[in-house]
Amino acid sequence: MRSPSLGILLGGCIFIPTAFLQRNAHQYNVCEQCDSDNLCNCSSLKLENIPHVSENVSGFDLSHNKISQVKDTDFITYVRLKRLLLQSNQIQSIAEPAFQHNTHLEYLDLSNNLLTQLSPNWFKYLSKLQYFNVSGNNYTDLGSGRIFSNLTQLRWLEFGNPSLSFLKEDDFVGVTHLEEFIVKAEKLLVYQKGSFSSFRNISHAALSLHDTFRNEPDQARQILVELTGSTTHMELRDLAFPDKTDSLFPTVDNSTVRKYTFRNNSFTDGVVLNFINSSINTKLSELVVEDCELSGTGKWFGIKPITSNFLRSITLSNISIKRFYLFYDLSSISQLLVHVKTAKLTKLTLFLMPCTVSRTLQNVELLDLTDNLLNDYRLEETLCSGAWPSVRYLILQKNDFKFLGITSSKLSTLSNLTHLDLSQNRFRDMKTSCKWSKNLQFLNLSSCEMKSIKECIPPNVEVLDLSNNALHSFDVNLPLLKELNVSNNKFKRLPSDGYLPKMEILKISNNKLTSLTGVEIKAFKNLRFLEAGKNNYICSCEFLFYMNHDITVQLLNQKENYICDSPLFLRGMLIQNTKRSFFDCHTTLSLALLCVGICLAVGIVGMMCYKYHGIWYIQMTWAWLKAKRKPKKVRNNDICYDAFVSYSVMDSEWVENFLVRELEGAHPPLTLCLHKRDFIPGKWIIDNIIESIEKSRKTLFVLSQHFVQSEWCKYELDYTHFRLFDENDDKAILVLLEPIPKETIPQRFCKLRKLMNTKTYLEWPQEEVEQQNFWFNLQAALKYETNVTDGHEMQSFSPK
């Protein structure tokens, strides 16, 4: 017999690798993160191979994985693919026919991989490709040449890496028009003339050629010559220009460059002067210099005369001057600023602008001096007579202004000023009034640590930003104001409407408002938009109804910003999802209705008790409780009557003329208790009934049609029935004065039905001969504790 352990062992040997392969297949070859638009995001899943997804995929993100190769069958089924991201993997090789079936591909990113060479066969069938990024790999050149010749619709091309050292003249044949052309070749050694000459129009060309400009200035010059004739925006990044370079920037008559950007570069005076002279009288209108370093001292003498509208916009930001203590003034370049309309001089540690320079800026309309060291007292030299005459937009953010009265007075000389930004300063003294330019319409005083504004607001302002301060109130009369922003302050109520008759937009979010009412909002007759989220709203019924149903202005904040702060059980809930109960919203009415309901219920109960004698039942229950505490047997000295007679007043003639005469006149006589003569005057009838029954040996019921119509007879019957069953006594004697059909007995006399079904009774005969026997049986029943069972006289009541 084969050993079972061997079979298990062999099965296990087969199962373990199979399970391992299945687990790996699931981990590396499956991606199920696709949406309804056929976009599959398989990024950062540690995939080692191309996973399988829907054949209808149009966007495929495989970035940040561990894919090392692209095989010829990986994308063969994705014929509708338009966007493919393979950046930041470990791709070392790509099969030449890998993309031959992806003819609709428009976006391809192969950046930051390990490719050592590029093949033109990859792009042979990608005639619709518009974006291609192959930067950050290990190739030293762009392949055998003309690799982009079929990419006639290419609009974005980014390539290069630290290893790229060779560019050939036919590398870019076929590519003529680009929106973005980004080259990263820090160690480019060989540039064949004409490599960039195939370009006809490039909207933005960004070059990062560090060593080329330093070690191969002639090649760098040739690159600039070829691109200057086809590029609209030229950008040079991460360059350290050599110390002595007099002709690095060529003078090109047919230059198409409109904008020049220098980012993270290092200049010398010679380079600056060379660039200025090469650009004068060209079409250059915008200059941007950011995050750069100047090792010179500003000796820019010998600038050519300007004969055209040179430079309309200039941006200088975060420029470090090594030897700033030796730096000359800017008078040598003042002629370059004559036609400038937009000047952005930010992060320059500028504490003073010489008067000569300020006067030179004759045509500047937008002047941005953000993040400098300007202050109130040096502003007088900067704003000397004739300075900035055309300025309309002035930005003075993050400087060192402290006295708004002084600052406003200095700026009042700018007659054309309409927009002023003084945000992120630290204004302290607000006691004096302020003098402003008459045409000022837009004022920004946000983040200035102000606690009050007093009279320091221009009366003609239309847009005012006072956000991020410490203001508690706003009582300034601004008849023309249309937009007010007081967000992130300490307002507990809306500004007074009497001061702002034309306001259309109010921003008051993140304050200490507790409520908004229709009266407050409607007081601003022209208010159309309100931004009031992130406040401490008390979600009262009136507030919730107004916010959810009756508000007449459009809320600018997202609804998630409007939440309840109190009461505690509603804290954190969205106002749009919050409702209060009817009792919460109408407490007085609810209490009134509750009181009316209670009174009505009490009235109904009273009426029911009166109609159905509920007091009787209560007293009978009380009597039952007292009886439960009494001994089972009543002592003989407490018995006063032989029988209590329960009868209807309509049958009193028979009781008095027949019953009483026969029984009390018997020998020995029987003592009867009649309510008519034996009840104690002034005592409650119910108490009389209970006490009389308890003091009687027997209870004699005179049954008739009148009996079943009497409520008092019913009480007497109920109490006797209670004694019968609770005390286990046989104390009830039934005398049927006349026949009572079952259907004539009311439902409330259910106990009478029960007694007549379970006990024998005496029937009053109409014949005088039988009446003597009736009296004999009745006396016997009253004298003894046993029932007389005469077959003729004592009958059982069997309802038919």
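A nonpolar core is a set of buried Ala, Val, Leu, Ile, Met, Phe, Trp, Tyr and Cys residues joined through side-chain atoms within 4.5 Å. Buried means under 20% relative accessible area, exposed over 50%, partly exposed in between (1.4 Å probe, protein chains only). This is a predicted model: local features need pLDDT of at least 70, side-chain atom pairs count only at pLDDT 80 or more, and totals for chains, interfaces and linings use all residues. Residues are numbered from 1 along each chain as its sequence is written, and side-chain values use heavy atoms, with hydrogens and water left out.

**View 1. The largest nonpolar core has 162 residues.** Phe60, Phe75, Phe159, Phe181, Tyr260, Phe262 and Trp388 have the most contacts inside this core. Helix H4 (residues 269-279) gives the most to it, with 5 residues. Helices (H or I, at least four residues) and strands (E, at least two) are DSSP runs, numbered from the N terminus. Another core, of 23 residues, lies apart; Tyr647 and Leu737 are among them.

**View 2. Phenylalanine 75 and its contacts (heavy atoms within 4.5 Å).** Its partners include Ile50, Phe60, Leu62 and Phe99, not counting residues up to four places away in sequence.

**View 3. Strand S18 (residues 342-346) pairs with S17 (residues 313-321) in the parallel sense over 5 bridges.** Pairing needs at least two DSSP bridges between the strands. Serine 317 stands opposite threonine 346. S18 also pairs with S19 (residues 366-368), in the parallel sense over 3 bridges. There, alanine 343 stands opposite leucine 367.

**View 4. Threonine 407 sits in helix H7 (residues 404-411).** Threonine 407 counts as buried because its relative accessibility is 0%. Leaving aside neighbours within four places in sequence, threonine 407 is in contact with Asp376, Leu379, Phe401, Leu422 and Phe427.
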